Amino acid sequence: MSAERDQDDVSIAARIKENPGPAVGWMVGALLLFALEAGAVVHFVTSLLGNPVELPTLLSRELIPNNGYVTPKGVWKDTFLGLPAAYAWALRVVLIYAYAFLWMVWLWRGYLVFRENYRYADWTPRDDMMDRLRGHRWGQFGAVIVFAFVVMAMFAPALGPTTVERTISNPYSHYIEYYNDDGELENITVGSANLGSRSQGTPDRNVGPMEYDDYGRWHPFGTLPTGKDMFTFMAAGARISLFIGLTSILVSGFIAVAFALVTAYYKGLVDLLVVILGDSIMSLPSLLFVMLLSVVLGDTWLANIYSGGFLLAVIFAGTGWPFLWRSVRGPAMQIAEQEWIDAAKSFGQRPSVTMRKHMAPYILGYLLVYASMRLGGIIIAVAGLSFLGLGVSPPTPEWGRAVNIGQSYVTTSSWHISFIPGVLIVLVVTAFNALGDGIRDAIDPQSESGEGEGAEVAAAGGGGA
């Protein structure tokens, strides 16, 4: 197999050498996209070494600032090109999403270039899968919302009208300027300005969505009861939700695949032990078990990593792997009965090599479907724990905490505090489920009608002994 792989690599290299044009164009596009944000990459790498190097980037708030003030004559100062704060912020948001969209186009173009010019085979089943996914409207809806959510999490520091450090973590160490009622330029701490911009349910104490406060600060989602910017809170909360979800899915997915391959290959006692372990975990009330673990482990060193986010990721991974394992156990059992697996055994191939090369590729598609669906469940579970005061430690932003903070203002003029994060939670969870449906129907088109052996196995979540 290694010889065949080396031959394929040589063939691809030879094809690129014979026809370098598409590959060169693709690489030039990559360099241009990287150059736009090279400063951010340099800052991230050097910050790991202890001496961050500051370089200008296209999407930074320093290049397109929106934290300025307006004069009594209506002229904006210290904003990008003298634009109103709302326009400067909107421009930065549009550029960020356009940049992320260009990366997606570049990746898709790279796949097409490889498929049309350098791939060894003219056709693979993956081509039909991609074509079906491109025509799956429900899956495309999910992909668009997931894309917007991931970009919000990745670019949270630049997307917000302000930063977490300025408005949430340390507001009394930062200052803003504004013109007071006497027409004089005044300097005030962000914390004091927040006290004057609180949303507490009455018309005179409310800064709603798409409004300025009395200090000339723009709030796309309004403010919290503490006066802190809600959009900044939500963007930072998206980052920690994505971190918890992806970390737990990666860990639980690795455990699920490993157990599925081992149980399908060896069967017998090994399979029975894993079934007992998995069923024992699945029999426990999930939410109560997670709450118990978060309280018991809340005083350990794990709770100090990422404000408790890493602890939640570990808990969800430890309690969630049986569900993913059940989803891929059936397909793994089917693959283990195929003739090529018996042939690999007869040739004396090591079990680890057989499981990695000849079994794992056939169950990863099922894992991707159920992992995407479970990711939405983890996000809503994290929000639920934060709503109950568990999980992520305050003042670290989390969507569920915003719902909890604003529940007493639902029927008042500050309805946005609970309504906006609640809608976003439902939308993101629905999007992940929709994306999972699209991937499932693309992998197995018969699953749309519930027909076919593969669909039955996937729906059953694992059968066979």
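In which loop does K267 lie? Select K267 and you will find it in the loop between α10 (230-266) and α11 (268-282), where helices (H or I, at least four residues) and strands (E, at least two) are DSSP runs numbered from the N terminus. Before going further, note that this is a predicted model, in which local features need pLDDT of at least 70 and side-chain atom pairs count only at pLDDT 80 or more, while totals for chains, interfaces and linings use all residues. Residues are numbered from 1 along each chain as its sequence is written, and side-chain values use heavy atoms, with hydrogens and water left out.

**Backbone stops**

Stay with K267 and look at its backbone: phi is near 55°, a positive value in a residue other than glycine. Most residues other than glycine have a negative phi, and most peptide bonds are trans. Next select M210, which is not a glycine either and has a positive phi of about 60°; M210 lies in the loop between α9 (190-195) and β5 (211-212). With a relative accessible area of 53%, M210 is exposed, on a scale where buried means under 20% relative accessible area, exposed over 50% and partly exposed in between, for a 1.4 Å probe and protein chains only. Then go to P394 and P395, which are joined by a cis peptide bond with omega at about 5°; P395 lies in the loop between α15 (351-387) and α16.

Select β3 (175-179) and show its side chains. Across the pair, Y179 stands opposite L185, and the bridge partner of Y178 is E186. Five residues lie between the strands of this hairpin, and G183 takes a positive phi near 80°.

**The second largest pocket**

From β3, move to the second largest pocket, to whose lining β3 gives the largest share, three residues. A pocket here is found on a 1 Å grid over the protein atoms alone, as an open set of points where a 1.4 Å probe fits, with protein on both sides within 12 Å along at least five of seven lines, and its lining residues have an atom within 4 Å of a point. The volume of this pocket is about 260 Å³, taken as the space filled by probe spheres set on the points, which are joined across faces, edges and corners. To see its middle, select N67, G68, R166, I176 and R217, which lie nearest the centre among the 20 lining residues. The lining divides into eight nonpolar, seven polar and five charged residues, with Ala, Val, Leu, Ile, Met, Phe, Trp, Tyr, Cys and Pro counted as nonpolar, Asp, Glu, Lys and Arg as charged, and the others, Gly among them, as polar.

Turn next to F149, in helix α6 (residues 137-154), and W399, in helix α16 (residues 399-406). Their ring centres are 5.7 Å apart and their planes stand at 75°, so the pair is edge-to-face; rings of Phe, Tyr and Trp (its six-membered ring) pair if their centres lie within 6.5 Å, and planes under 30 degrees apart count as stacked, over 60 as edge-to-face and the rest as tilted. Because these two residues sit in α6 and α16, the pair ties together parts that are 250 residues apart in sequence. F149 also forms an edge-to-face pair with F432, at 6.2 Å centre to centre and 85° between the planes. F432 lies in helix α17 (residues 416-443), so this pair ties together parts that are 283 residues apart in sequence. F149 and W399 are buried, and F432 is buried too. For another group, select Y99, W103, W106 and F155, which ring pairs link into a cluster.

**Last selections**

Finally, select H219 in strand β6, which counts as buried at 2% relative accessibility. The C-alpha atoms of H219 and D229 are separated by 6.1 Å, and the two residues are ten residues apart along the chain.

Terms used
Pairing = 2+ DSSP bridges.
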